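Welcome! Please have a look around before reading on.

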Amino acid sequence: MSAETQTLFSPGLAARFDRMVTLYPQRRSALVPMLLYAQDEMGALNDAVIAEVASRVGISELEVRNVISYYSMLHTKPRGKYHVQVCTNISCMLRGGNELFARCKEKLKIENRETTPDGLFSLEEVECIGACSWAPAVQVNYDFHENLTPESLDALLDQYRTQNGLADRGGR
Amino acid sequence: MAYLVSHPDEVKVVSSRFGKGAASIETYLALDGYSSARKAIELGSDGIIAEMKASNLRGRGGAGFPTGLKWSFVPKQSAKPKYVLLNGDESEPGTCKDRLIFEHDPHSAIEGVIIAGLAIGARMGFIYLRGEYRYLLTIMERAIDEAYAHGFLGKNIFGSGIDFDIRSHTGAGAYEVGEESALMESLEGKRGIPRIRPPFPAVVGLYGGPTVINNAETLATVPHVFRIGAAEYAKIGTERNGGTRLFCLSGNVERPGVYELPMGYNLKKMIYEVGGGIAGGRALKAVVPGGASTPVLLPEEIDIGMDFDQVGKAGSMLGSGGVVVLDDRVCIVEFALRTMRFYQHESCGWCIPCREGTDWLKKTLTRFHAGGGVAKDIDNMRYLAENIMGRTLCPLGDAAAMPTIGFLKKFRKEFEDHLDGKPCAYAEQGDAALAPA
Ligand SMILES: Cc1cc2nc3c(=O)[nH]c(=O)nc-3n(C[C@H](O)[C@H](O)[C@H](O)COP(=O)(O)O)c2cc1C
Ligand code: SF4
Ligand code: FES
């Protein structure tokens, strides 16, 4: 049973949050990880999520919003089911990162920070993701894909599309 | 999954357990794991710090500050609890080494945090990973749980009577949070705005208590110093630059990868022998020797030893270990622009020279690269960058200015060739990816 009598989160996540606030010398330290995990489960940091997180760490909703706006991974609007993040920073740029980014736009028919109409994919040009020696690199949600070519990128996007189709039919 | 590479010139110390399954504590123990923490308990605070000073280990986060000296600044007596904070924010473009430690040898990072804690008398340590490293956080959390289960963390660690806890923590996307004081703010659940120093973290850090902040590779190296002995470790490197470091070779080399080489290893050899030379047999144009913030080196400037002092003497910095190699197809103006776009995006906006300066430089470079440059832009950009230097709250301002000054100084002709609406003559020689968008 969660410390919050009413929670938006799954029992597992709520229990995790109950514990997280006790792990630090100050409750507020749990804020950034909590926001990220909440977002992973809920899809976005909407008003209700912000209200619950604020109450859990004991700060105002405004303070929570201030923190959200600072961190590039936190967002208040939903993104695609597969959030495609293409690194175009220096090491990736030298090995075709810009080309991969252009290919994504073309293939998904969306621009930077947009979502496909079916909600399946969103696209973002990102800064270095720590894969420089395996460039060019793309992260889809939390999964790294490295040493990509335009062809292997096409195959990757198709793979996510197929994976989703299978999930829809209850398969795996 | 990050790929491992190998070269005969490598001296594997911090990477000695990579690829051996050491993320599991049983394997780590079988490979001498946690023996250094036991030694450190016997040595006690002064003994640990003396060993660290003798090792000549210098911080791998960028600035190369001597680790033993840093630890010695923490006051022995403190009314507030002391802390150790491992910096695993790894976001300097060109840098991808801490990731390998978290993936292949997370216990070495844990053991390093324990030893740092014993040295300064802390009872709690934090391991902060950047938000994008979620799979590594899972590995790290499991490793921490294993260490608790073995009695290496928690109450009475190793039966010593000392209590020590470690918490893992995740960021959520922000380069600036890698700066040590912004990192503390972030861990306290705030925006990553740097703190005014002094007081330095060694005196007033996390939650107001004395805090040691070290890079992940620095701390993961610490147990190895005690395993092989400080004197032996120091001997591997050069004067005042002990041991080895993980160099991340990237860009237009034949065999990019993370290689562990002795401090002082020759940069030219690193590129041509370890990295197999320039990809496709092309010509070398320039090298960014230590991550995006370090000033560029020309081909005739790379016959130098890669340690903090020698690279400094060559007018650049060893930085974070990210060696980015540029071949002759690269347009320096475009490269400078991409670098500045990064710093402009990451500036936290607190100080005007950094916030406005990076924005202005980005806009000028954008216009310039698109063919809209005028002659006086070149000197203006240099003037602007020089006036950011030393006038900001944290070193991000300098990190943006330094490479820009380097590009303008060493590749002035290339900037001039972009004038008068001439299309970029450089990128055209290369593939479409290098052409301006
Ligand atoms: C803008 C900025 C970003 C930084 N990012 C990192 C980083 O990602 N990882 C890191 O270890 N140090 C980073 N640093 C350096 C830290 O401030 C700090 O010096 C370092 O963690 C100290 O560890 P060391 O003594 O072991 O090198 C950054 C510094 C600045 C100014
Ligand atoms: S130098 Fe830039 S990043 Fe650092 S505090 Fe000032 S505005 Fe923020
Ligand atoms: S520059 Fe793309 S991962 Fe580092």
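Which residues does B:Trp71 touch, not counting residues up to four places away in sequence? The list is B:Ile48, B:Ile49, B:Met52, B:Ile115, B:Ala116, B:Ala119, B:Ile120, B:Val212, B:Asn214, B:Leu219 and B:Val222, where contact means heavy atoms within 4.5 Å.

## Before we start

This is a predicted model, in which local features need pLDDT of at least 70, side-chain atom pairs count only at pLDDT 80 or more, and totals for chains, interfaces and linings use all residues. Residues are numbered from 1 along each chain as its sequence is written, chains are lettered from A and ligands numbered from 1 in the order in which they are written, and side-chain values use heavy atoms, with hydrogens and water left out.

## The nonpolar cores

B:Trp71 is also one of the residues with the most contacts inside the largest nonpolar core, together with B:Ile110 and B:Ile114. That core has 114 residues, and its largest share, 9 residues, comes from helix H5 (residues 106-120) of chain B. Apart from it lies another core of 41 residues, including A:Met93, B:Tyr343, B:Leu361 and B:Leu408.

A nonpolar core is a set of buried Ala, Val, Leu, Ile, Met, Phe, Trp, Tyr and Cys residues joined through side-chain atoms within 4.5 Å. Buried means under 20% relative accessible area, exposed over 50%, and partly exposed in between (1.4 Å probe, protein chains only). Helices (H or I, at least four residues) and strands (E, at least two) are DSSP runs, numbered from the N terminus.

## Strands of chain B

Let's turn to strand E1 (residues 83-88) of chain B, where 6 of 6 residues are buried. B:Tyr83, B:Leu85 and B:Asn87 point one way, while B:Val84, B:Leu86 and B:Gly88 point the other way. E1(B) runs parallel to strand E2 (residues 124-129) of chain B, joined by 6 bridges, and B:Gly88 stands opposite B:Leu129. Strand E4 (residues 211-215) of chain B is also parallel to E1(B), with 5 bridges; here B:Asn87 has B:Asn215 as its bridge partner. Two strands pair if DSSP finds at least two bridges between them.

Elsewhere in chain B, strand E5 (residues 244-251) and E6(B) pair in the antiparallel sense over 6 bridges, forming a hairpin with 5 residues between them. Strand E6 (residues 257-262) of chain B is largely enclosed by the rest of the structure, because 6 of its 6 residues are buried.

B:Glu217 lies in helix H8 (residues 216-228) of chain B. Its relative accessibility is 0%, so B:Glu217 counts as buried. Beyond its neighbours within four places in sequence, B:Glu217 is in contact with residues including B:Arg60, B:Lys97, B:Asp98 and B:Arg245.

Over in chain A, A:Thr88 sits in the loop between strand E1 (82-87) and helix H5 (90-93). A:Thr88 counts as buried because its relative accessibility is 0%. Leaving out residues up to four places away in sequence, A:Thr88 touches residues of both chains, among them A:Phe101, A:Glu125, B:Arg338 and B:Arg341.

## Chain A as a whole

Chain A has 7 helices and 4 strands, in the order α-α-α-α-β-α-α-β-β-β-α along the sequence. Its C-alpha atoms fill a box of roughly 50 × 40 × 25 Å, taken along the principal axes. Of the 172 residues in chain A, 56% are buried.
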